[in-house]
Amino acid sequence: MSEARDEILGAIRRALKRGPLAGAAAAELSERLARHPRNLIPARATALDDESRIDLFVRMAEEADATVARVDNLAAVPAAVAQYLAGQNLAPEAAIGGLDDIPWGETPLLLLKRGPAAPEDAVGLAPAFAAIAESGTLMLVSGKDTPTSLNFLPDTHIVVLRREEVVASYEDGFDRLRAAAAETGEWPRTINFITGPSRTGDIEQKIELGAHGPRRLHIVLVAGRENG
Amino acid sequence: MQLQARDFPQNARAALGEERLQRALSRAPSGFALKRAIAVERLPEFESLRERGRAIKDETLAHLDFYLERYEENVVASGGKVHWAKTAEEARQAVLRICRSVGAKSVTKGKSMVGEEVGLNACLEANGITPIETDLGEYIIQLRGEPPSHIIAPAIHLVKEDVAESFRRAHDRLDAARSLEEVRQLCAEARAVLRPLFLAADVGITGANFLVAETGSSIIVTNEGNGDLTQLLPRVHIVMASLEKVVPTLEDAATLLRLLARSASGQEFSAYTTLSTGPRRAGDEDGPEEYHVILLDNGRSALLGGEFQDMLRCIRCAACLNHCPVYGAVGGHAYGSVYPGPMGAVLSPALFGLEGSAHLPNASTFCGRCESVCPVKIPLPKMMRHWREREFERRLGPRPYRVGLQLWAFLALRPALYHAVFGLLARLLGWAGAGRGRFRALPFLSGWTGARDMPAPEGKTFHRLWTERRRAR
């Protein structure tokens, strides 16, 4: 391809005192990529049962200034969202992605708009793909029904998370994603790991929330054993 | 405005006398360093992770050509494009070409040290394209026409009054009577001013903390969300990254991410860690239509296989800056380099030449804190020593310094003469300083005695004590 490319790769090989890797050496590295072995994963989250893992997630997310509301089932989500917005003195409106299996119609006071977030949207409502208990981190992926702008443009970000989506580590999250991508045949353009709301410490190292992204991150955790 | 590395001694002296700078620097001990210590304490596996992080980087560097080719293959497979750049100039030209191809007028930027390294903003401006820094710290220093003074907190040298003054000057259409006393008000104003600029930009340029060979993804780690808006809203996303940012797999990235946030700001995880792979997919309703990666060498391939290869493990967390007593005293601008502090003292001579940066490897007390907090265990003091050796070999230091070292080396290679000369010197100084017990000034040593007294030698020399003790056994 490009001249610069050949020169850079040539310079690397000269410095490493060898030619391009081939044969067994290349096969070994290809195998490493295909197998993607795990490195050390902290015990903090891996040794826990389901309940404790969810508790750890909630604790860590709250430590990062997210708020969490637990509901029993999907049918309770619309009321929980409406209640949160009322509590924040926000209009009951949101730009929404995914979450088709939630009976929104039964809470007529909530005005929902599908599609990417517009600059004037105050609230973005999106589904989690997974959640990482280790650090209280949400994992969201972009896709046809889940535009990334929902996660960053609105001032308030509400994420619906189901209990079975809470995993121990980032590695568990990646494995879920690999499985999903193998099914759909497509790797998402954007994967967001989100830990608490936007913040900055750039002026005098004083932490302020809501630098450029959402000022508030609210998680509705569907914690009942039966979602329905 | 911009200070030079060759003037480090003068820059440092001036920095020590700047009241606002010293006030800003005095906040550091209770900031990053303390938060890091707490985060490390909470994770029993931290030490093992450092070892693992080091191993991942070493393995990657040993097979860098292979992983870069794989990375490129996967970027292309996901619809993106990789532009290889040997030099800063090639990187700037590649960015310009892409910007021109879409007729870009304004460009938003996430914080990128590689962008700083290649001097991208000046190049864009010279070509009629407006670069807008969107990281709050970068935005502030862009308004002030200053370079960053820290690799993760670019405006750490400023106090809020400095920022308020800059905002009043730059945002002159806003109500002049508004209050800007609180940090909160400053943040809110920057957010409000920047939001429409995010929406209007034609191209978004970010750096990358990691590139993943397995998937062809670029990863950015931020807290503000500015990097995400930058790579999401414009039609074109350009990633600027240097070669050594590549890691083999997502698992390897996960290990390094556990080290990065804790080492940098003491967070368990930064607010936003985002993987971008190619442009928007067919069904996506947002995201960029084009995805480009500028892969910059700029002297890095020459470090492989040599005594500075370990520096390529650096993940730019800034822990070495945050724990360096010299950085803590003079701040980042005194170094006169894009990369200040201990990591800069090693990297700057490699990237920009030893001639202009020879002072930087000397700007260290060798206390070793930098190496002890480095998440990938880079032997920074050892490498600064290598640069000092080269400085001496290439006769770059001041003449008295070189003559002094030569004289000392001459004596050190002749132990009998060494003991005789220093024994005599010690007795002489002991006799001369017997009354006061210390010296306020000594010939040829004004640099040392200028700031402290030199204690007068007492009793016997170390060598004599050592010999006597061995005999006594």
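A residue counts as buried when its relative accessible area is under 20%, and as exposed when that area is over 50%. By this criterion, buried residues make up 58% of the 228 residues in chain A. The structure is a predicted model, and the values below are computed from it.

## The two chains

Of the 473 residues of chain B, 56% count as buried. The two chains are set side by side in the table.

| Property | Chain A | Chain B |
|---|---|---|
| Helices and strands | six helices, twelve strands | 23 helices, twelve strands |
| C-alpha span along principal axes | roughly 70 × 40 × 40 Å | about 85 × 60 × 45 Å |
| Accessible surface | about 9400 Å² | about 19800 Å² |
| Carbon and sulfur share of that surface | 52% | 55% |

For chain B, the radius of gyration is 25 Å, which agrees with the value near 23 Å that a compact globule of 473 residues would have. In chain A, 73% of the contacts between residues at least 6 apart in sequence join residues at least 24 apart. In chain B, residues 24 or more positions apart account for 72% of the contacts with a separation of 6 or more.

## A sheet with strands from both chains

Strands of a sheet pair through backbone hydrogen bonds, either parallel or antiparallel. Here an open sheet of eight strands, with mixed pairing, runs in the order 8(A)-5(A)-6(A)-9(A)-9(B)-6(B)-5(B)-8(B). Its edges are strand 8 (166–167) of chain A and strand 8 (246–247) of chain B, each of which pairs on one side only.

Within the chain B part, strand 5 (residues 210–212) and strand 6 (residues 217–222) pair in the antiparallel sense over three bridges. B:Phe210 stands opposite B:Ile219, a residue of strand 6 of chain B. Helix 13 (residues 250–265) of chain B packs on the sheet and touches strand 5, strand 6, strand 8 and strand 9 (272–276) of that chain. The direction of helix 13 makes about 165 degrees with that of strand 5 of chain B.

## A helix pair between the chains

Helix 1 (3–15) of chain A also takes part in a contact between the chains, with helix 5 (residues 64–77) of chain B as its partner. The two axes come within 9 Å and cross at roughly 150 degrees. Angles over 145 degrees count as roughly antiparallel, and helix 1 of chain A and helix 5 of chain B are therefore roughly antiparallel to each other.

On the chain A side, the residues involved are A:Arg5, A:Leu9, A:Ile12 and A:Arg13. They meet B:Leu64, B:Asp65, B:Leu68, B:Glu69 and B:Glu72 in helix 5 of chain B.

## Positive phi in chain A loops

A:Lys17 lies in the loop between helix 1 and helix 2 (23–35) of chain A. Although A:Lys17 is not a glycine, its phi is positive, at about 55 degrees. Its relative accessibility is 65%, so A:Lys17 counts as exposed.

A:Asn89 is found in the loop between helix 5 (77–87) and strand 2 (93–96) of chain A. Phi of A:Asn89 is near 60 degrees, again a positive value in a residue other than glycine. With a relative accessible area of 73%, A:Asn89 is exposed.

Note on methods. Residues are numbered from 1 along each chain as its sequence is written. Chains are lettered from A and ligands numbered from 1 in the order in which they are written. This is a predicted model: local features need pLDDT of at least 70, side-chain atom pairs count only at pLDDT 80 or more; totals for chains, interfaces and linings use all residues. Side-chain values use heavy atoms; hydrogens and water are left out. Two strands pair if DSSP finds at least two bridges between them. Helices (H or I, at least four residues) and strands (E, at least two) are DSSP runs, numbered from the N terminus. Contact means heavy atoms within 4.5 Å. Axes are lines fitted to C-alpha atoms, for helices over the stretch in contact, and angles run from 0 to 180 degrees between N-to-C directions. The radius of gyration is taken over C-alpha atoms; the globule rule is 2.2 Å times the number of residues to the power 0.38. Buried means under 20% relative accessible area, exposed over 50%, partly exposed in between (1.4 Å probe, protein chains only). Accessible areas come from the Shrake-Rupley method with a 1.4 Å probe; for residues, only the protein chains shown count as cover. Angles under 35 degrees count as roughly parallel, over 145 as roughly antiparallel, 65 to 115 as roughly perpendicular and the rest as oblique.
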